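Have a look at the picture, and then we'll go through a few spots one by one.

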Amino acid sequence: MIRNYIKTAYRSLLKNKGFTFLNVFGLTVGLATCLLIVFYVVDELGYDRYNTNADRIYRVTIDAKLNGNAGVYATSEVPWKAELTSHFPQVEQVARLINYDGLFLSPQKFYVKKDNNNILEKRVVFTESSLFDVFTLPMVDGSPKNSLDEPNTAVITESTAKKYFGNTDVVGRILTINDSNTYKVTGVIKDIPAQSHFHYDFFLSFSSRPESKNTNWGYAGLHQYLLLKPGANIQQLERAMTDIDVNNSFNPSTWKTGDNHLKIILKPLADIHLRDADAQYPLEKEGNIQYIYIFSLVAVFILLIACVNFMNLSTARSANRAKEVGVRKVLGSSRKYLIAQFLTESILVTLVSAIIAVVLAWGLLPLFNQLADKQLTVTSQTIAWLVPSLGLIVLVVGFLAGSYPALFLSAFQPIQVLKGKLAAGFKGGFLRSFLVVFQFSISIFLIIGTLVIYNQLKYINNKDLGFDRSQVLVIKNANVLGNQAGVLKNDLRQLPGVVDATMSSYQPTGDEDLKTGLFPHQKIDIKEDILTEFWSTDENFIHTMGLHLLKGRNFQKDMASDTAGMIVNEAFVHKLGQPDPLNKNVYRYSYGLQQYHIIGVVKDFNFASLKDNIGPLAMVYSKDNGAIGVKLHTSNLTGLMAQIEDKWKGMSPNQPFTYSFMDQDFDASYRVEQRFGSMFISFSTLAIIIACLGLFGLAAYAAEQRNKEIGIRKVLGAGVSTIVGMLSMDFIKLVFISILIASPLAWWAMNKWLEGFAYRVTIQWYLLAIAGGTAILIAFVTISFQSIKAALGNPVDSLRSE
């Protein structure tokens with residue numbers, strides 16, 4: 001019986017090649033797109049799952065608000081390890097990492113010696129042997145036990161061992177870092193999996209650093225991970241740790257006044273990559289669960305559109321199969337056998353589409369990896385979940401897409417059908433009309449989303465940030481030059497085409513930042529703390545970066561008192577609460593009390609992400625040769641760059657000349673958003689194409705079923721435009737209904753997405769009008785091909801049998 005169903009289904013599909021092609025093509029594109037999104041989502045959700053004890057690992061996170069300064073921090077205080085291992089039996093182990101990019105930490109660079117060259121390595125972290133008890137990081141050489149207990153010891157990855165020593169048998173070998181510091185290699189681990197929220201090549205012993213001897217509370221510069229025993233009460237532990245943190249703070253009562261608060265949050269390891277977007281100072285830039293929800297929804301939408309196509313086309317061609325059903329029933333075929341027959345056709349189409357979709361998705365995977373910045377591959381593990389999942393999808397989609405056509409067609413009464421009394425055509429198909437509305441509501445929703453995302457990304461690229469990032473060259477790693485960095489800066493300022501040059505690690509588009517607490521009075525009161533960015537700059541910084549000085553003056557090289565001077569931004573002045581801050585003193589406590597006096601105020605500029613409001617910033621006059629920023633103005637950029645590189649090589653022939661342009665750094669900082677926008681636009685375009693395929697097929701069948709009516713109208717004098725309008729109007733009405741449904745939903749959803757940006761576009765009414773107009777135009781163009789073809793037909797052909 002099943003064999004007969006398949007044979008009959010095959011013949012029926014082969015007989016209606018156009019119908020079969022539209023369905024197979026639509027389902028194939030839909031399933032292939034869905035598969036690619038599923039690959040992406042599964043990869044994102046799989047972060048840190050390689051750890052054997054992933055479900056028992058938590059990161060200590062601080063949620064604090066003080067004097068209006070609110071933030072969630074991925075870092076915490078040094079004494080936690082001793083406190084937790086001594087007084088909390090539910091804590092099995094604690095691992096601490098410090099990467100010098102945390103709260104209150106000055107950025108540091110690490111140069112590893114290889115032959116006669118010093119190579120800048122960014123993936124360096126200080127940690128302890130307990131790291132290998134908490135995380136699953138298998139060693140290929142050496143023993144994890146006590147591997148980082150001694151000062152100046154190091155564990156490195158396989159690829160790093162091969163890079164510096166040529167093999168992985170390197171335990172006992174010596175690494176020289178920053179010229180004078182030597183570290184003995186005590187172990188080699190496998191390269192950290194791509195699905196990890198941190199990737200380091202050098203694990204240096206924490207005991208090598210002075211911070212390891214710090215037992216004071218308040219220094220929150222460490223990333224700390226707890227391995228808890230099974231069954232540990234997380235909420236109870238969080239409350240106990242919060243009490244300890246508050247009681248050991250500078251002024252415990254402060255946290256109980258106003259809306260100030262200090263809380264310890266234990267963030268599950270599996271949530272760090274996707275559900276930790278608000279945390280500052282993460283080990284690496286993280287993903288966003290919001291994007292996972294959006295892409296998952298888009299995948300479902302695309303699959304539903306493809307299913308709706310199948311249902312619409314199957315029911316639309318019901319008139320063509322009505323007599324077949326009638327004859328089958330007269331010959332004794334029961335309804336359940338007819339349902340089985342039509343479901344077999346549906347599952348067969350879905351199966352063929354699924355097979356082609358897998359091949360298509362596999363072929364498009366390299367292109368998708370480039371678009372999504374991923375390294376997705378089809379492995380045996382992928383196949384293990386893909387095959388059963390795909391089988392389930394084929395059955396679900398096959399039944400979903402074929403259920404209504406099967407029930408609809410099998411319900412025909414043979415007497416009515418054989419007498420020719422079956423109503424046919426597009427009109428009267430309520431469910432079909434509903435499905436068209438559903439389909440185009442999704443399409444219009446995606447069109448609006450695409451326009452909003454495009455406008456926001458365009459706004460980010462074009463917004464006046466308060467500084468000039470055009471033609472600003474940033475020379476990296478200038479600190480390898482030592483005192484010669486200042487000489488290079490001055491030499492570059494003399495070159496034709498160079499407007500100015502400044503020396504500072506801190507750039508408006510850079511990753512380096514340092515937060516510190518500043519106070520308006522010499523007697524430190526934590527209630528008056530102004531948490532601010534604290535940048536070391538020189539007298540050329542403001543001019544080079546194109547900042548606007550609103551009050552006071554710039555730093556002056558020949559004024560010795562400027563070493564205690566400070567230039568602040570408007571946001572700092574607002575926090576200070578002084579309408580005229582010039583010559584006012586502010587104080588910083590760092591290895592003793594430091595006093596500064598404000599000499600100038602610059603206009604606010606966006607030195608952080610546009611997702612955040614501009615915060616307080618204080619610039620001090622201090623030597624910092626981490627990088628050199630060079631403002632250029634030349635028509636011969638290639639020639640000028642060659643001169644600058646020659647200057648560099650003249651001072652440091654063995655060091656690579658590493659640089660970037662500030663506008664490129666700015667674009668890179670929004671790479672996640674740009675990638676999200678590109679993926680959303682691509683998937684939305686595919687969804688609209690699939691919807692148009694279905695509409696194209698429906699228009700063809702509507703025209704076919706009204707063939708005689710069109711012939712009569714033409715005989716009676718109707719023109720082509722009249723007939724095209726008549727055939728198009730039914731569909732255009734449905735698109736109008738779709739616009740009314742989709743517009744408010746899309747407006748709400750995209751406003752929720754825009755809330756993630758402090759600086760954002762407003763969704764104007766005309767944006768919705770453009771989306772609606774685009775949908776109508778797309779629908780009309782799609783329908784017109786079939787409508788014009790029907791209108792140009794010879795009425796004699798359609799009326800010959802009458």
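## Around Phe-661

Let's start with a single side chain in what is a predicted model. Setting aside the neighbours within four places in sequence, Phe-661 is in contact with Val-472, Leu-473, Leu-632, Leu-637 and Met-641. You'll find Phe-661 in strand S25, which covers residues 659–661. Is Phe-661 buried or exposed? With a relative accessible area of 12%, Phe-661 is buried, because anything under 20% counts that way.

The chain also comes back on itself here. Phe-661 and Ile-475 are 186 residues apart along the chain, yet their C-alpha atoms are separated by 8.7 Å.

## The whole protein

Now zoom out. The protein has 802 residues, and 52% of them count as buried. Its secondary structure comes to 22 helices and 25 strands.

What share of the contacts with a separation of 6 or more links residues 24 or more positions apart? In this protein, 80% of them do.

## Helix H13 and its partner H16

Back to the details. Helix H13 takes up residues 484–493, and helix H16 takes up residues 637–651. The two pack at an angle of about 155°, with their axes 11 Å apart. An angle over 145 degrees counts as roughly antiparallel, so that is how H13 sits relative to H16. Their crossing is right-handed. On the H13 side, the contact is made by Gln-484, Val-487, Leu-488, Asp-491 and Leu-492; on the H16 side, by Ile-644, Lys-647, Trp-648 and Met-651. Sorted by class, this contact has 6 nonpolar, 1 polar and 2 charged residues.

Which residues of H13 are buried? They are Ala-485, Gly-486, Leu-488, Lys-489 and Leu-492. These residues lie on the same side of H13, because they cover an arc of only 160° around the axis.

## Helix H3 and its partner H6

Here is another helix pair to look at. Helix H3 (residues 80–87) packs with helix H6 (residues 234–247) at an angle of about 135°, and their axes are 12 Å apart. That angle makes H3 oblique to H6. The crossing of H3 and H6 is right-handed. H3 brings Trp-80, Glu-83 and Leu-84 to the contact, while H6 brings Met-241, Ile-244 and Asp-245. By class, that gives 4 nonpolar, no polar and 2 charged residues.

H3 has a buried side and an exposed one. Trp-80, Lys-81 and Leu-84 are the buried residues of H3. They cover an arc of only 95° around the axis, so they end up on the same side of H3. Over on the other side of H3, Ala-82, Ser-86 and His-87 are exposed. What covers the buried residues of H3? The cover includes H6 along with strands S1 (57–66), S3 (91–97), S12 (223–228) and S13 (261–268).

## Two asparagines in a loop

Next, find the loop between strand S7 (139–142) and strand S8 (153–157), which is where Asn-146 sits. Asn-146 has a positive phi of about 65°, although it is not a glycine. Asn-146 is partly exposed, with a relative accessible area of 46%.

Asn-152 lies in the loop between S7 and S8 too. Its phi is positive as well, at about 60°, and Asn-152 is not a glycine either.

## One last stop: Phe-342

At 6% relative accessibility, Phe-342 counts as buried. Phe-399 is 57 residues away from Phe-342 along the chain, and the C-alpha atoms of the two are separated by 9.8 Å.

Key:
Residues numbered from 1 in each chain as written. Predicted model: local features only at pLDDT ≥ 70, side-chain atom pairs only at ≥ 80, totals over all residues. Heavy atoms only, no water. Axes fitted to C-alpha atoms, helices over the stretch in contact; angles between N-to-C directions. Helix = DSSP H or I, 4+ residues; strand = E, 2+ residues; numbered from the N terminus. Parallel < 35°, antiparallel > 145°, perpendicular 65-115°, else oblique. Left-handed = near helix turned anticlockwise from the far one by under 90°. Contact = heavy atoms within 4.5 Å. Nonpolar A, V, L, I, M, F, W, Y, C, P; charged D, E, K, R; others polar. Buried < 20%, exposed > 50% of the residue type's maximum accessible area, 1.4 Å probe, protein only. Arc of directions from axis to C-beta.
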